[in-house]
Structures are given as C-alpha cells and as structure tokens.
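Got a minute to look at how two parts of one chain meet? Here's a quick briefing to read alongside the picture.

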Amino acid sequence: MSADGVKQTRRDQILDAAAELFARHGFHGVGIDDIGAAVGISGPALYRHFRSKDAMLGEMLTSISERLLEGGLTRVSASPDATSALHALVRWHVDFALDDPALITVQMRNLANLTDPDRRRVRALQRRYVEVWVSTLRETVAVDEPTARAAAHAVFGLINSTPHSAHLDRDQMAALLTRMALASLTTAGVLATA
C-alpha cells in the first residue's frame, strides 16, 4: 500500500524502490540486483517489468514531470482567481517536494542520465509546467515574462532543496516554504517595477 492507502502495482513498487536507491546512491551506483533485492525479487526478474534500468529512470522522470504538470493545471483551473491559483501552485509544489523527496532528488541529479528521447520528453513537460507558473505569476504580479520565468525557477530551487533539510517537521516545513515562496514571488513584482 502507498502512503495514501492505494494498493501499488509491482511496477510502482519497483519505481519507488529505484527512486529511493537512485536518490541515495546515484543512478550509476545502483544495479538491477540492488533494485530487485529492495522489492524482494531477483534482479533479472525486473526485466519482466522494465526493459532496462534506463527505461526505469525514463518512466520515473517522465511520470514525475507529468504529475507536476497535471497537478499544476488542475489547481490553476480550480482556482477562482490568479492569486488563489498562485497559492495553490505553491502549496502543490511544496507538498510534492515534501512527500516525494527521493523523486525530487532523482529529478535534480539524473536528468543527464536519460536517453535522448526521454530527456526531450521530460524537458518538454518541465517547460510546460514552468509556463503554468509564468502565466499565473504574470496575472498575479506585475512582471515581464523573463522575470516571471526567473522567479519561478528560483522558487523551484527553494522548494526543491527540501530533501536536504530535516530541521523541522513536515507541517512546519510546509508552512515555512509556502510563506517563503509566496513572499519571494510577490516581491519579484515589487522589485521589477522599482
């Protein structure tokens, strides 16, 4: 069972175990046998689920990017106005980073290890996710497009650094990151016009 009570498929279990191992030891520091042992099967048995370790990483990073994009779009479309949408985007990304720190770490460290087609797909999804933030920021804060894009990336850096911080419990960290992210994003507009 996953943390949210949903029964996981064997494929999901393998991806979760691989994410934890890749985050801890790096993509090249983990072998098929390591991943198999983490889910209680032999390394070669993984080939029934994935054609290679590269395919595992590709599916993992594509899935992360799809989840972020879909979650961002859903929150923006469900928001009554741009300010609410910005708050929802920040909370979404904070929750994702705090609930899936291994995936954030793998995403940050292993993009270069993807095959070219997977890297292009992930980058395209990431660009679309950034554009959700850029358009929301431009509706909320009086900034030009380059400033909105730079601000979004800066906030991603702030939020995505959470796997490296264990100073506060989850709720305290979520509240802190949300306040910091919103303060920096709304300040970007003030500074851009000064």
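This is a predicted model: local features need pLDDT of at least 70, side-chain atom pairs count only at pLDDT 80 or more; totals for chains, interfaces and linings use all residues.

Residues are numbered from 1 along each chain as its sequence is written, and side-chain values use heavy atoms, with hydrogens and water left out.

**The layout**
- The chain splits into domain 1 (8-50) and domain 2 (53-192), with bounds that come from an automatic or database domain assignment.
- Taken over C-alpha atoms, the centres of domain 1 and domain 2 sit 26 Å apart.

**Where they touch**
- Domain 1 puts 15 residues in contact with 14 residues of domain 2 (contact means heavy atoms within 4.5 Å).
- Together the two domains bury about 1,300 Å², 71% of it on carbon and sulfur atoms; buried area is the accessible area (1.4 Å probe) that two parts lose on being put together, summed over both.
- Phe-22, Ala-23 and Phe-27 supply 43% of the area that domain 1 buries against domain 2, more than any other three residues.

**Charged link**
- There's one salt bridge between domain 1 and domain 2 (a side-chain nitrogen of Lys or Arg within 4 Å of a carboxyl oxygen of Asp or Glu).
- Glu-59 and Arg-11 form a salt bridge, and their closest N and O atoms are 2.4 Å apart.
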